[in-house]
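Please open the structure in a viewer and follow the selections in the order below. Each stop names what to select and then states what is there.

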Protein chains: 2
Amino acid sequence: MKQNTILLGHGSGGKMSSELIESVFSRYFQNEILSRQTDSAVLDVNTASIAFTTDSFVVEPLFFPGGNIGKLAVAGTVNDLSVSGAVPKYLSAGFIIEEGFPMDQLEAIVKTMAEDADKAGVHIVTGDTKVVDKGKCDKLFINTSGIGYFPEGRRDLGIAKGVEAGDLILINGAIGSHGMAIMAARNELNIGANIQSDCACLNDLIYSVLNAGYEVKFMRDATRGGLGTVLAELVSKHKIGLQIFEKKLVIEQQVRGMCELLGFDPLYVANEGKVVMIVSKNDADAVLNQLKKHPLGKDASIIGFVTDEYAGKAWMETIVGGKRIIEMLSGQQLPRIC
Amino acid sequence: MKQNTILLGHGSGGKMSSELIESVFSRYFQNEILSRQTDSAVLDVNTASIAFTTDSFVVEPLFFPGGNIGKLAVAGTVNDLSVSGAVPKYLSAGFIIEEGFPMDQLEAIVKTMAEDADKAGVHIVTGDTKVVDKGKCDKLFINTSGIGYFPEGRRDLGIAKGVEAGDLILINGAIGSHGMAIMAARNELNIGANIQSDCACLNDLIYSVLNAGYEVKFMRDATRGGLGTVLAELVSKHKIGLQIFEKKLVIEQQVRGMCELLGFDPLYVANEGKVVMIVSKNDADAVLNQLKKHPLGKDASIIGFVTDEYAGKAWMETIVGGKRIIEMLSGQQLPRIC
């Protein structure tokens with residue numbers, strides 16, 4: 001019998017677990033591999049190397065303008081694989097659910113995951129459900145791990161190899177929307193009420209660039225910690241210098257307003273559908289055009305360049321012409337953003 | 001600066017996250033792949049097929065006689081891969097941590113994970129940390145996902161293929177120890193105080209059998225839901241009949257006593273180091289001997305047989321000579337056992 005809420009028995013591994021798997025998980029995540037219901041999915045491999053990644057999602061609230069925790073869980077892992085240069089193939093889904101959680105909300109989240117996985121061309125092939133007593137977790141947490149295949153000859157693009165002075169830095173659109181959408185949803189603020197999270201699977205966009213034959217020297221999705229953290233990490237690891245221009249950053253007006261009002265720096269506000277690329281000066285315009293052709297890249301822009309001045313530092317030239325150093329954030333801007 | 005407790009900033013993706021990774025995770029989980037600190041681990045694949053699995057761990061208490069949540073997280077995923085017939089190779093580790101969690105406990109858990117992964121020959125190659133506000137999760141949850149390689153010619157042993165009447169059922173030792181160890185630890189019971197969880201990585205034991213060339217027709221680790229659930233699931237999926245003998249089951253005296261006192265059925269109490277195997281009658285004695293040679297199999301026994309009577313049912317002949325049907329458990333015996 002299908003219950004209206006999650007009970008502890010749904011995490012028992014017994015009859016109620018089977019019913020939950022049948023009525024919710026298998027119903028939406030249906031594919032041949034998952035339906036074998038063994039503890040491990042067995043996958044054919046036709047590649048010399050794979051990418052493997054994991055992410056847990058604890059976003060609060062679970063539903064927000066532009067998505068829900070399930071959409072985030074699929075996009076986050078698909079994007080982590082994609083920025084490495086791999087083609088995302090398989091996901092796992094691990095659910096930790098609070099006793100009493102409404103079944104219809106679980107079903108809505110699982111349905112989104114299934115739809116988004118399908119759109120992104122990935123299969124959810126193995127899963128796990130744990131239920132904890134009421135008050136022992138906040139509604140629902142999801143872990144997705146993922147496997148992607150490297151096409152022959154493609155290296156790991158998460159490593160900034162061959163990046164040199166003169167290379168240009170691109171991003172596929174506006175920054176800060178996910179963080180401020182969550183903030184508005186969490187506080188039921190009147191301001192910012194129309195801000196949509198940018199949460200999206202970027203594999204199709206990224207492959208439109210890679211498959212067109214352009215050499216991307218480095219790629220990273222700018223999620224938790226925002227664009228600023230990607231740049232600060234990059235210079236700290238690779239001892240290169242980066243300079244970006246504030247006037248080149250696209251920030252939606254409502255996002256900018258909310259950041260100003262609440263004292264957030266959009267450079268550090270989370271995105272869930274933004275990728276930073278470094279390409280050679282020669283390729284930059286063509287890559288920009290390629291990005292702009294895609295719905296997820298229509299607001300793409302070249303935001304800065306690699307320099308051998310200030311090695312180990314990232315700088316932003318502000319709109320008024322000053323220079324501001326981009327450092328690693330030391331505290332927490334906004335907890336439970338993803 | 002290393003803090004004594006986990007703060008929200010440790011989940012920010014910024015400076016404090018980096019410090020936590022450096023001072024705890026990278027310190028213990030050190031390997032070349034992880035140290036690249038990209039969002040995806042890139043792994044060389046030299047096999048035609050891989051096994052992929054995921055498990056979240058929410059055990060309460062985090063530390064118990066015989067192990068801790070970290071040991072469980074490594075063993076659980078190593079075992080899920082091993083029973084499929086794959087050789088476990090790579091793990092991911094996703095941590096959800098409650099703000100205020102003591103750093104020394106996190107470190108103890110991570111240290112155990114590193115040691116156990118090392119002993120089992122697997123590498124923790126990718127990870128993720130989320131921190132939630134105090135009261136929003138119960139101390140610490142861990143997700144481990146894993147990848148294993150199939151040696152050439154080995155099929156998925158989690159599928160009961162070729163199982164036929166007359167085959168014998170083996171288990172590598174005593175049942176119910178993990179569940180009752182958790183129960184005793186949770187309630188600080190005086191009885192059962194010496195019960196140790198059987199939590200262990202079974203890959204070495206399993207490979208001692210497979211590498212000796214014996215054909216294992218089916219394998220499953222008997223975890224949440226116990227031995228009874230493995231048998232009940234097997235008959236419901238494969239329409240075979242199974243019969244086991246109560247007198248052949250090894251149950252430690254303290255475990256038996258505690259089950260009787262508290263009204264638990266040891267057949268359904270969780271194990272974390274027990275594997276059920278089905279082999280042909282001809283191979284059974286040799287497999288039993290092979291199991292007994294290994295420290296984790298010294299109490300192995302043949303507990304029953306496959307029959308074409310009662311297809312779709314599992315039965316136990318009780319010590320007094322009665323017959324009891326082994327059904328799927330409908331409720332929850334004991335929440336948060338793993």
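Select α2(B) and α5(B): their crossing is left-handed, a term used when the near helix is turned anticlockwise from the far one by less than a right angle, clockwise being right-handed. Helix α5 of chain B covers residues 203-210, and its axis lies 9 Å from that of α2(B), at an angle of about 15 degrees. Axes here are lines fitted to C-alpha atoms, for helices over the stretch in contact, and angles run from 0 to 180 degrees between N-to-C directions. The pair therefore counts as roughly parallel (under 35 degrees; over 145 is roughly antiparallel, 65 to 115 roughly perpendicular and the rest oblique). Helices are DSSP runs of H or I with at least four residues, strands are runs of E with at least two, and both are numbered from the N terminus.

Show side chains next. B:Val78, B:Asn79, B:Ser82 and B:Val83 of α2(B) touch B:Asn203, B:Ile206 and B:Tyr207 of α5(B), contact meaning heavy atoms within 4.5 Å. By class, these are 4 nonpolar, 3 polar and no charged residues (Ala, Val, Leu, Ile, Met, Phe, Trp, Tyr, Cys and Pro are nonpolar; Asp, Glu, Lys and Arg are charged; the others, Gly among them, are polar).

The model is predicted: local features need pLDDT of at least 70 and side-chain atom pairs pLDDT 80 or more, whereas totals for chains, interfaces and linings use all residues. Residues are numbered from 1 along each chain as its sequence is written, chains are lettered from A and ligands numbered from 1 in the order in which they are written, and side-chain values use heavy atoms, without hydrogens and water.

The crossing of α2(B) and α3(B) is right-handed. Their contact has 8 nonpolar, 2 polar and 2 charged residues.

Move to chain A and select A:Ala114, in helix α3 of that chain. Its relative accessibility is 14%, so A:Ala114 is buried (under 20%; exposed is over 50%, partly exposed in between, with a 1.4 Å probe and protein chains only). Beyond neighbours within four places in sequence, A:Ala114 contacts A:Tyr28 and A:Phe29.
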